[in-house]
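Have the sequence and the 3D view open side by side. The text after them goes from the overall build to single pairs of residues.

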Amino acid sequence: MQNTEPQHNNLSHHSIRSNVIDMNYLNEMMNGNKQLVKEIIDLFLQQVPAELSTINIAVAELNYLQIKTIAHTMRSSLAVLGISVLTPALQEMERLSGEQTGATRIKELNTTLQLIGAQALEDVQTERLQYD
């Protein structure tokens, strides 16, 4: 636990204050088409809060199948907007859920996911203002 704790603290306290999103990937994929970028951002802002809520409930209920499914889905959702800081946490949640083990670790990872996910949503909402 001592090896993962500083990393967990670093991830949840240091990274959250830096820019969580990287719009470069999305802008490149859309060839700078602002209307398409806006539509993808809007879709993200609809989907990700629901995914965060669903995975939070699944973790509370220790529903391994749902945790695994949502963690996998969220990896794709977050990757589109360059939110790579959460990829390792989601991969670990997906792996542990598939093994139906590590309940305490899954809960720790979910805390990080919820914290940084909320910051990512704020960042994306701010970015979205540039497309009005």
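This is a predicted model: local features need pLDDT of at least 70, side-chain atom pairs count only at pLDDT 80 or more; totals for chains, interfaces and linings use all residues.

Residues are numbered from 1 along each chain as its sequence is written, and side-chain values use heavy atoms, with hydrogens and water left out.

Begin with the overall build. The protein has 6 helices and 0 strands, and along the sequence they give the pattern α-α-α-α-α-α. Helices (H or I, at least four residues) and strands (E, at least two) are DSSP runs, numbered from the N terminus. Of the 132 residues, 39% count as buried. Buried means under 20% relative accessible area, exposed means over 50%, and partly exposed is in between, with a 1.4 Å probe and protein chains only. The protein exposes about 7400 Å², and carbon and sulfur atoms supply 50% of that area. Accessible areas come from the Shrake-Rupley method with a 1.4 Å probe, and for residues only the protein chains shown count as cover. Contact means heavy atoms within 4.5 Å. Among contacts between residues at least 6 apart in sequence, 70% join residues at least 24 apart.

Now look at how helices pack. The axes of α3 and α6 come within 10 Å and cross at roughly 160°, which makes α3 roughly antiparallel to α6. Axes here are lines fitted to C-alpha atoms, for helices over the stretch in contact, and angles run from 0 to 180 degrees between N-to-C directions. Angles under 35 degrees count as roughly parallel, over 145 as roughly antiparallel, 65 to 115 as roughly perpendicular and the rest as oblique. The residues in this contact include Ile 41, Asp 42, Leu 45 and Leu 52 of α3, and Leu 113, Gly 117, Leu 121 and Arg 128 of α6. α3 passes α6 in a left-handed crossing. A crossing is left-handed if the near helix is turned anticlockwise from the far one by less than a right angle, and right-handed if clockwise.

What is the arrangement of α4 and α5? Their axes come within 8 Å and cross at roughly 155°, so α4 is roughly antiparallel to α5. The contact is made by residues including Tyr 64, Ile 67, Ala 71 and Leu 78 of α4 and Leu 90, Met 93 and Ser 97 of α5. The crossing of α4 and α5 is left-handed.

Next come the charged pairs. The structure holds 6 salt bridges. A salt bridge is a side-chain nitrogen of Lys or Arg within 4 Å of a carboxyl oxygen of Asp or Glu. One of them joins Arg 128 to Asp 42, with the closest N and O atoms 2.5 Å apart. Arg 128 lies in helix α6 (residues 103–128) and Asp 42 in helix α3 (residues 34–61), so this pair ties together parts that are 86 residues apart in sequence. Arg 128 is buried, at a relative accessible area of 14%, whereas Asp 42 is partly exposed, at 25%. Asp 42, Arg 128 and Asp 132 are linked in a network of salt bridges.

Two further pairs each sit within one helix. Arg 95 forms a salt bridge with Glu 99, the closest N and O atoms being 3.4 Å apart. These residues are 4 apart in helix α5 (residues 87–99), so about one helical turn separates them. Arg 95 is partly exposed at 44% relative accessibility, and Glu 99 is partly exposed at 46%. In helix α6, Glu 108 and Arg 105 are 3 residues apart, about one turn of the helix. Glu 108 and Arg 105 form a salt bridge with closest N and O atoms 3.2 Å apart, and both residues are buried.

Finally, turn to the backbone. Most residues other than glycine have a negative phi. Where is Asn 31 placed? Asn 31 is in the loop between α2 (24–29) and α3, and its phi is positive, near 50°. Asn 31 is exposed, with a relative accessible area of 73%. Leu 62, in the loop between α3 and α4 (64–80), has a positive phi near 50°. Leu 62 is partly exposed, with a relative accessible area of 31%.
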